[in-house]
Amino acid sequence: MKLSPKLQPCRWDGLVVLLVVVLAAACALAVWSRGTDTGELTAVVTVDGVETERIPLKEFPDGERTYSGNGYTLHVRLEASQGETGLGLYVAAADCPTQDCVHTGTITRAGQSIVCLPARVIIRLEGGTVDRDAPDVVIG
Amino acid sequence: MRRFAAALLAALMTVGLCGCSWQTESPDEAREVIQVIAMDTVMIFTTYGEKSTHADYLSEDEVRRLESLLSRTDENSVIWQLNYAGGLGIDVGEEVCGLMEAAEEYAMVTDGAFDITIAPVVSAWGFTEEENRVPSQEELDKLLALVGPEHITLADDAAALTPGTQIDLGGIAKGYASDRIAEILQENNIPRATISLGGNVLAWGDRPDGTPWRVGIQDPKDPNNANAFAGMLHLTDAFAVTSGGYQRFFEKDGKTYHHIIDPATGYPADSGLTSVTVVADCDRDEVDGTPGVGTMCDALSTALFVMGEEKALDFWRSSAYDFDLVLVTEDGRVVVTDGIANEFEEIKESGYSYEVVS
Amino acid sequence: MKLTTRQLTLCAVLTAMALALSYLENFFPLSLAIPIPGIKLGLANIVTVFALYALGPGQALLILIGRCLLGAVFAGNMNALIFSLLGGVTAMLVMILLSRSGRLSVYGVSIGGAAAHNCGQVAAAVLTLGNTAPCYYLPILLGVSLFTGALTGLVAACLFRALAHTGLTRG
């Protein structure tokens, strides 16, 4: 044998067990106490069907970010609203003809999206805490 | 001794547990969400199950196929050829012919409230062009002469139009697409999904936690507010389509003109309704990829908006088709037919007064 | 690393055995008993522990990498490679350290290995998913690894006892 294994459990094994238990407890505290989060509220931007960016709202820069597609540009800003759960996104300005994206206003929940058809840009929110009252899909 | 060791080894190995390892999630919970811009709107396919990714991309392919098949602007599409055939018969193929037959049926039963020949009038208002305008009465009269199901002739897989008449299947394209996607979901054993095609929804199965899908109906008086709802539907295996003037409109000289044109007058329908939602069950056994319940909901949502509250409810009571309605009126009421009353949730903050009719 | 023919053959046999054990696992769907997504019998770890003591860290690592690579190829799923490699190599490194200390029995080493294996796999999942959601399962997995590690140790101990008189591990 390269190494001669001890075949009987010994005291030091107990130390390993203890270490693992402590590690498990630490993990449990750190991770379980955060509540039913399915990850942070994240903005997913697709241009022409291709995902170009995925950025948690917490990391969204203070000014604005621009997204362009098919010759049109959208200027997107973060909104920290006072009453509700905090963060949202809205299109401050865009040069598309219909301005639907600007009219959409602020999106704050997972599943909501801002769409610019001419630019073929979709900004959609995913993740975040589960909102029991929110619809899964909206018609109209 | 060696044989004993070997036997012991074998026995212990089969019994022994050692270590755990991570694997991919259980196949039924696999979820795939894709977003597509097609048919001039945003479509979101959310499917669950082992073949979710496959089904999503098949659905996207199907939508794109239909988009080019039914295009009014692509010279290669049979619709374009038909519209510019100058009265000649065109072989449109079985699929388009089937769609046109369905459209004809809905035109008949709604007394022309649903009419695919209204296309040139809609264009006259600028809804398919770059700019909106208000056409003159003279122009409308001329165009209306060419409007009506009597200007379409169908035979076998061919169709012909009166010269000057043009059709647009956009009013049932999304509904038909949802019927086609239902077949894709069925064939791929998708347990649950929500397919959103602009204002058309197919709620397939129920949510992962066993409760029905929550489908919010946009509040017509606050259309740009993503959190403003006139009501909430709780659906399992159902189609739901909403039509409303607020979806596309323009203002000129202080007046508002929306895109749902009344084929009888050539003007935007002035029926006292702000939105119509048609809901119908999706029977998985009857899903076969032909124009079905999804197509019906799409056609009826437009037709009933034009017909107005009274006629719409009469039509519902006639039981010509199996569906239910949620009507939002200009005078602040939400009318729900009793077949769907149990699956409808009022939204108190909306400020509407709710009533159930039978 | 120079291997004698005998050592090379032994490595090959052990790699094959580890692969066979990985395949065998599919017949024991542990997730029915313990409802954590993707829990399975990591039977191949028996081979890793054995090889570590019997053949040394170098050859044990060879067998591990061989098993992970071939396993991914046979399953037709190269994505699984990052999971098994990260888990296996983490376990390997920890077990090398623990066994070198000389103070632990096979039980301690195996438990440490099992715990490290889980940490490695969760790390791979976090990297793949891009968020920290997989960490939720770590506390439970670590708890279970105490038992599974102990059992690996038991099997390994029996193995060593049973094979002690053979010349299987002579270089």
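**Stop 1: chain A and its confidence**

Begin by selecting chain A and colouring the residues by pLDDT. The mean for chain A is 81, and 87% of its residues reach 70 or more. Among the elements of this chain, helix α2(A), residues 100-103, has the lowest mean pLDDT, 83. The highest mean, 89, belongs to β8(A). Where pLDDT is low, the predicted coordinates should not be read in detail.

**Stop 2: a sheet in chain A**

Next, select strands β2, β1, β7 and β6 of chain A. In that order they form an open sheet of four strands with antiparallel pairing. Which strands stand at the edges? They are β2 (50-56) and β6 (113-116), each of which has a single partner strand, so one side of each is left without a neighbour in the sheet. Direction ignored, neighbouring strands of this sheet are turned against each other by 15° on average.

To find one of the paired positions, select A:Val44, whose bridge partner in β7(A) is A:Arg124. Strands of a sheet pair through backbone hydrogen bonds, either parallel or antiparallel.

Then move to A:Arg120, in the loop between β6 and β7 of chain A. Although A:Arg120 is not a glycine, its phi is positive, at about 55°. Is A:Arg120 buried, partly exposed or exposed? It counts as partly exposed because it has 18 C-beta neighbours inside 10 Å, and burial requires 20 or more.

**Stop 3: where chain A touches chain B**

Display chains A and B together. The contact takes 18 residues from chain A and 26 residues from chain B. On the chain A side, the elements that give two or more residues are β7 (121-126) and β8 (137-139). The largest share of that side, three residues, comes from β8(A). By class, the side of chain A that touches chain B has eight nonpolar, seven polar and three charged residues.

Select β8(A) together with β8(B), residues 213-218. Three bridges join these strands, which run parallel. Within this pairing, A:Val138 stands opposite B:Gly216.

**Stop 4**

In soluble globular proteins, nonpolar side chains tend to be buried together.

Centre the view on B:Ala240. Leaving aside neighbours within four places in sequence, the contacts of B:Ala240 include A:Ile139 of chain A, as well as B:Val201, B:Leu233, B:Val279 and B:Cys297 of chain B.

**Stop 5**

Select B:Ala159, which lies in strand β5(B), residues 158-161. Why does B:Ala159 count as buried? The reason is that B:Ala159 has 23 C-beta neighbours inside 10 Å. Not counting residues up to four places away in sequence, B:Ala159 touches several residues, including B:Leu82, B:Ile90, B:Cys97, B:Met100 and B:Ile152. Select B:Ile79 as well: B:Ala159 and B:Ile79 are 80 residues apart along the chain, and their C-alpha atoms are separated by 10.0 Å.

Continue to B:Met39, in the loop between β1 (31-38) and β2 (41-48) of chain B. B:Met39 is not a glycine, yet it has a positive phi of about 50°. With 20 C-beta neighbours inside 10 Å, B:Met39 counts as buried.

**Stop 5: chain C**

Finally, select chain C, which has six helices and zero strands. Of its 171 residues, 48% count as buried. Among the contacts in chain C with a separation of 6 or more, 64% are between residues 24 or more positions apart.

Select helix α2(C), residues 45-55. Since 11 of its 11 residues are buried, this helix is largely enclosed by the rest of the structure. Among the buried residues are C:Asn45, C:Phe50 and C:Tyr53. After α2(C) comes C:Gly56, whose phi is positive, near 100°.

How values were computed: Residues numbered from 1 in each chain as written. Chains lettered and ligands numbered in written order. Contact = placed C-beta atoms within 7 Å. Nonpolar A, V, L, I, M, F, W, Y, C, P; charged D, E, K, R; others polar. Pairing = 2+ DSSP bridges. Buried ≥ 20, exposed ≤ 12 C-beta atoms within 10 Å, placed from the backbone. Axes fitted to C-alpha atoms, helices over the stretch in contact; angles between N-to-C directions. pLDDT = per-residue confidence, 0-100.
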